[in-house]
Amino acid sequence: EIDVPPKLFIGAASNPFAEPYEFRAFRLAKKIAAGADFIQTQCIFDMARFREFMKRAVDRGLHEKVHILAGVMPLKSAGAARYINNNVAGIYVPDELVKRMAGAGRGSKAQAEGMKLCAETIQELREIEGVHGVHIMAVEWEEAIKPIVEMAGLLPRPEAPDGATTNG
């Protein structure tokens, strides 16, 4: 028997990169009106387009009604970046990121560059108004998460005065 029922948070997904772009914030508003407590976005590689999406969301005050978690994904290689760009609906990996990954080489060097790129993305996302956190999608690469959050400056977690961790 549960004395106090658990509090459930209703989440929804948002793709800032799907066409028509100008309707993305409107669709986000509909999901909030339907009861979403938080939003997880599609993986962000095109920072300029994401900034435009967030500006529209902030202009509508949507960031005050829902917690927006920006989706990030570490790339393992240039080939993975090209594959994602060509085969995963709603994700655009700019050519300069593919070239950066190609310039890193292969294997562990490429993976290190992918983790670095992901950490840099997180650092940039922390500066965007309305972003409340990140959702790291390290597909079949869970061991990359801790180094990424360390590089991004998210670990160790700061402690609140009561000893609880904060979302620093």
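Here are a few notes on side-chain contacts in this predicted model.

1. Let's start with the aromatic rings. The model has 1 aromatic pair. Phenylalanine 50 and phenylalanine 53 make up a tilted pair, with 6.0 Å from centre to centre and 35° between the planes. You'll find both in helix H2 (residues 47-59), 3 residues apart, which is about one turn of the helix. Phenylalanine 50 and phenylalanine 53 are both buried.

2. The charged end of arginine 49 sits over the ring of tyrosine 21, 3.4 Å from the ring's centre.

3. Now for the charged pairs. Side chains of opposite charge can pair when their charged atoms come close. The count here is 5 salt bridges. One of them joins aspartate 59 to lysine 55, with the closest N and O atoms 2.8 Å apart. These two are 4 residues apart in helix H2, about one turn of the helix. Aspartate 59 is exposed at 56% relative accessibility, and lysine 55 is exposed at 51%.

4. Helix H2 also holds arginine 56 and glutamate 52, 4 residues apart and so separated by about one helical turn. They form a salt bridge, its closest N and O atoms 3.5 Å apart. Arginine 56 is partly exposed at 31%, and glutamate 52 is partly exposed at 34%.

5. Arginine 100 is partly exposed at 26%, while glutamate 113 is buried at 18%.

Notes:
Residues numbered from 1 in each chain as written. Predicted model: local features only at pLDDT ≥ 70, side-chain atom pairs only at ≥ 80, totals over all residues. Heavy atoms only, no water. Phe/Tyr/Trp six-rings, centres within 6.5 Å; stacked < 30°, edge-to-face > 60°. Buried < 20%, exposed > 50% of the residue type's maximum accessible area, 1.4 Å probe, protein only. Lys NZ or Arg CZ within 6 Å of the ring centre and 35° of its normal. Salt bridge = Lys/Arg side-chain N within 4 Å of Asp/Glu carboxyl O.
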